[in-house]
Amino acid sequence: MPTKLITPEQEDKIADLGREAVKTAVKETKPQSTNAQNGIIMQGGEFKNKVTLAVKTIITEMTTLNKYAGNVVKSNYTYPGEFQRKPGRVQIQIFADELGLDPTSAFEYLEKISEMSRILPKDCHSQDGNFAIISPFGFQQLIPGYKDAFDPELYCKSLLFLFDIIKKGRNFCNWREGQIDKNHLQQTARTLDAYDTITTIQGKSPIWIISAQLGFLHKGECTGRARELFFGNEFGLGSVAGASIAITHPERFVRFEELDMDLPGDEFAPDGDGGFSGSPCLAFGSDGLKFAACGVSGAGDSFGSASAFLPQM
């Protein structure tokens with residue numbers, strides 16, 4: 001069957017995305033006018049060549065399908081027997097009692113959905129389903145001073161905030177101490193897009209309800225492969241969502257012989273230099289619950305990527 005090449009409409013759409021990306025980069029770097037004039041505009045040819053090379057690399061990477069198809073191992077691991085998903089109202093109340101967040105909107109949304117776990121794929125675990133997490137708007141209340149609920153810096157501070165709560169109730173080790181900042185940790189574009197949709201559906205409630213699986217669906221797959229296999233309405237859980245679930249369900253992480261959680265909704269840059277080549281995880285070890293990060297190509301039989309699913313609109 002002959003390969004169908006990109007259409008003119010697709011070319012235009014990609015060009016529009018590139019234009020938006022350059023505008024965003026200029027706004028975030030905020031170069032001085034003189035430097036922008038002399039360093040870029042006056043050397044337009046060199047700038048264009050550099051952008052072209054970078055974009056060609058990105059296009060090649062993002063249009064190479066099944067790059068991680070071989071990075072899968074057989075896994076017989078599952079969730080620990082102690083883990084039983086709590087009713088949604090119980091989960092919501094934990095955050096209301098512990099942090100003083102208003103549960104009203106979350107309760108109302110829970111009433112609207114009969115059992116959101118129905119949208120999960122059939123191969124998910126029986127304990128997968130509805131989970132309460134603290135929303136970005138909840139962290140705006142808990143950590144004042146941020147106008148944008150999706151500020152990358154607020155996201156990192158939110159994770160450290162949750163780590164402090166976890167430490168109060170159990171042994172916890174952050175293997176990336178000193179690296180929880182926006183230079184090392186960021187959410188994926190796919191997860192941020194999903195959060196925009198959730199905001200449209202659930203509003204600015206400080207507590208959100210998501211339909212999620214905690215690794216069982218993607219066990220034995222490297223994080224990169226799990227991302228390749230995501231359903232159209234599926235997105236990766238990030239560190240903050242994972243830590244929220246670890247607070248409401250501490251028994252999810254209690255045994256050496258359990259399936260631990262990769263968190264493909266985040267990207268991690270080991271050197272803090274913009275090379276976001278890794279992803280974080282939550283796992284149980286000799287030092288209790290631990291937060292770590294590693295590359296996206298390594299597959300382990302005791303790990304599975306956690307993800308959530310948007311309602312089919």
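Because Glu46 and Lys50 stand four residues apart in helix 3, which covers residues 44–62, about one helical turn separates them. In this predicted model, the side chains of Glu46 and Lys50 meet in a salt bridge, with 3.3 Å from N to O. The two partners can also be described by their accessibility: Glu46 counts as partly exposed, at 41% relative accessibility, and Lys50 is exposed, with a relative accessible area of 55%.

**Salt bridges**

Side chains of opposite charge can pair when their charged atoms come close. A search of the whole structure finds eight salt bridges, and the table lists three of them, including the pair in helix 3.

| Glu46 | Lys50 | 3.3 Å |

Glu82 belongs to the loop between helix 3 and helix 4 (88–99), while Arg255 belongs to the loop between helix 10 (239–248) and strand 6 (260–262), so the pair ties together parts that are 173 residues apart in sequence. Glu82 is partly exposed at 36% relative accessibility, and Arg255 is likewise partly exposed, with a relative accessible area of 38%.

Glu251 counts as buried, because its relative accessibility is 17% and buried means under 20%, whereas Lys86, with a relative accessible area of 21%, is partly exposed.

**Cavities**

Rolling a probe the size of a water molecule over the atoms shows where empty space is left. In this structure, a search of the whole model finds two cavities of 30 Å³ or more, and the largest cavity holds about 100 Å³ of space. The lining of the largest cavity consists of 13 residues, and those nearest its centre are Pro136, Phe139, Ala149, Tyr155 and Gln187.

Helix 6 (136–142) and helix 7 (152–169) each supply at least two residues of this lining, and helix 7 gives the largest share, three residues.

Methods. Residues numbered from 1 in each chain as written. Predicted model: local features only at pLDDT ≥ 70, side-chain atom pairs only at ≥ 80, totals over all residues. Heavy atoms only, no water. 1 Å grid on protein atoms, 1.4 Å probe; cavity = no way out; pocket = protein on both sides within 12 Å on 5 of 7 lines; lining within 4 Å. Points joined across faces, edges and corners; volume = space filled by probe spheres on them. Salt bridge = Lys/Arg side-chain N within 4 Å of Asp/Glu carboxyl O. Buried < 20%, exposed > 50% of the residue type's maximum accessible area, 1.4 Å probe, protein only.
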